[in-house]
Amino acid sequence: MAEIDVNKLQELIDGSSNIVFFGGAGVSTESGIKDFRSVDGLYNQKYDYPPETMLSHTFFVRHKEEFFRFYNDKLLEKTVGTDTVERALPNKAHYKLAELEKAGKLKAVITQNIDGLHQEAGSRVVYELHGSVLRNYCEKCGKSFDVHYMFNSKGIPKCDSCGGDIKPDVVLYEEGLDNNVISGAVNAIKNADMLIIGGTSLVVYPAAGLIDYYRGDKLVLINKDATARDSVADYSIHGKIGEILGQIVVR
Ligand code: NAD
Ligand code: ZN
């Protein structure tokens, strides 16, 4: 693996026409949404249970009210925004990826994030491996609700048509990924001439395993810290992804 700078990244991008981006929580930290594993991430704050427990299917079923307390507070507040908390907006990384797609160079964004910021920045082909907080469905009748309805609900969000509980369209721990999303993502990665992986610790499976479908020789890792899979990369750049991608010229 070679350590590279932004000039080399630019050169690699210039020479590619079927780029795929695979990202995680680190893509949104510059928008003000905390990741899980950085020192100031959610894993290092004190709760009664670790985040994996609170965001598991079992916990959702057994302690729904507590699930929603954590979920509204930690996962929705920044997406919705309040009088005291500023709403998170896309950053330079989201915008540059959208620009690369528009120029025909990037074919897909595959994300583990659930915040919808890639689409807000203008990306169109986005595979959301873990779903989105923006979509929510009644567990009884299927009616859909927006994120504001969820955030403004007290306790367990209830359907205004049938009274059923509403579940976010987010993949919880212990739940499987959507098959259509996986096959779309796998196809995109298989056909990519360049795979850029950024802002992810690559420890959450099966998501992290998808990068093994890449068969080219331009796998670039952009991350603040070392990741679990640094050895599979052809190139790596250490730094903030918004700052790095922000310097790329789309041509
Ligand atoms: P993670 O928290 O495990 O890892 C984030 C990685 O990004 C770390 O390696 C960190 O060093 C790096 N990073 C942080 N800020 C960065 C920046 N500005 N530039 C470059 N790198 C940066 O995140 P993960 O691998 O995505 O796994 C966590 C799981 O939690 C995911 O499955 C995801 O669904 C969920 N999650 C989503 C959000 C979101 O939607 N924004 C936020 C937190 C967690
Ligand atoms: Zn209903």
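Which residues come nearest to ligand 1? The legends below start with that site in this predicted model and then move to the zinc ion, the backbone and selected residue pairs.

**View 1. Surroundings of ligand 1.** The shell around ligand 1 holds 28 residues, of which Phe-36, Arg-37, Gln-112, Ser-201 and Asp-225 come nearest. By residue class, the shell around ligand 1 consists of seven nonpolar, 13 polar and eight charged residues.

**View 2. Polar side-chain atoms at ligand 1.** In one, a nitrogen atom of ligand 1 is 2.7 Å from an N or O atom in the side chain of Asp-115. In another, the side chain of Thr-29 places an N or O atom 2.8 Å from a nitrogen atom of ligand 1. An oxygen atom of ligand 1 is also involved, with a polar side-chain atom of Asn-223 at 2.9 Å. On its own, ligand 1 has 850 Å² of accessible area, and the protein covers 95% of this.

**View 3. The zinc ion (ligand 2) and its protein donors.** Four cysteine SG atoms, from Cys-138, Cys-141, Cys-159 and Cys-162, are the protein donors of the zinc ion and lie 2.3 to 2.4 Å from the metal. The arrangement of the four donor atoms is tetrahedral because the angles they subtend run from 97 to 116 degrees, and the criterion asks for all angles between 85 and 135 degrees. Along the sequence, the donor residues follow the spacing C-x2-C-x17-C-x2-C.

View 4. Is Cys-138 buried or exposed? Cys-138 has a relative accessibility of 4%, so this residue counts as buried, the limit being under 20%. Cys-141, with a relative accessible area of 43%, is partly exposed.

**View 5. The loop between β8 and β9.** This loop runs between strand β8 (194-198) and strand β9 (219-223), and Pro-206 is found in it. The peptide bond joining Tyr-205 and Pro-206 is cis, with omega about 10 degrees. Leu-202 is placed in the loop between β8 and β9 as well. Although Leu-202 is not a glycine, its phi is positive, at about 55 degrees. The relative accessibility of Leu-202 is 1%, so Leu-202 counts as buried.

**View 6. The loop between β7 and α8.** Glu-174 is found between strand β7 (166-170) and helix α8 (179-191). Like any residue marked for this feature, it is shown with its backbone. Glu-174 is not a glycine, yet has a positive phi of about 80 degrees. Its relative accessibility is 57%, so Glu-174 counts as exposed, the limit being over 50%. Val-171 lies in the loop between β7 and α8 too. Val-171 is partly exposed, at 21% relative accessible area. The C-alpha atoms of Val-171 and Ser-56 are 8.8 Å apart in space, while the two residues are 115 residues apart in sequence.

View 7. Helix α4 spans residues 64-80 and includes Phe-68. Lys-64 also belongs to helix α4. With a relative accessible area of 14%, Lys-64 is buried. The side chains of Lys-64 and Asp-165 are joined by a polar contact of 2.7 Å.

View 8. Phe-68 has 1% relative accessibility and counts as buried. Phe-70, at 4% relative accessibility, likewise counts as buried. How far apart are the C-alpha atoms of Phe-68 and Lys-154? They are separated by 9.0 Å, for residues 86 apart along the chain. For Phe-70 and Gly-23, which are 47 residues apart along the chain, the C-alpha separation is 24 Å.

**View 9. Ala-188 in helix α8.** Ala-188 has its place in helix α8. The residue is buried, with a relative accessible area of 12%. Between the C-alpha atoms of Ala-188 and Leu-219 the separation is 14 Å, and the two residues are 31 residues apart along the chain.

How values were computed: Residues are numbered from 1 along each chain as its sequence is written. Chains are lettered from A and ligands numbered from 1 in the order in which they are written. This is a predicted model: local features need pLDDT of at least 70, side-chain atom pairs count only at pLDDT 80 or more; totals for chains, interfaces and linings use all residues. Side-chain values use heavy atoms; hydrogens and water are left out. A residue is near a molecule or strand if one of its heavy atoms lies within 4 Å of it. A polar contact is a pair of N or O atoms within 3.5 Å; within protein, one must be able to donate a hydrogen and the other to accept it, and residues adjacent in sequence count only if both atoms are side-chain atoms. Accessible areas come from the Shrake-Rupley method with a 1.4 Å probe; for residues, only the protein chains shown count as cover. Ala, Val, Leu, Ile, Met, Phe, Trp, Tyr, Cys and Pro count as nonpolar, Asp, Glu, Lys and Arg as charged, and the others, Gly among them, as polar. Donors are N, O and S atoms within 2.8 Å of the metal (3.2 Å for Na, K and Ca); water is not among the atoms, so sites may look incomplete. Four donors count as tetrahedral if all angles lie between 85 and 135 degrees; four count as square planar and six as octahedral if opposite donors are over 155 degrees apart and all others between 65 and 115; anything else is irregular. Buried means under 20% relative accessible area, exposed over 50%, partly exposed in between (1.4 Å probe, protein chains only). Helices (H or I, at least four residues) and strands (E, at least two) are DSSP runs, numbered from the N terminus.
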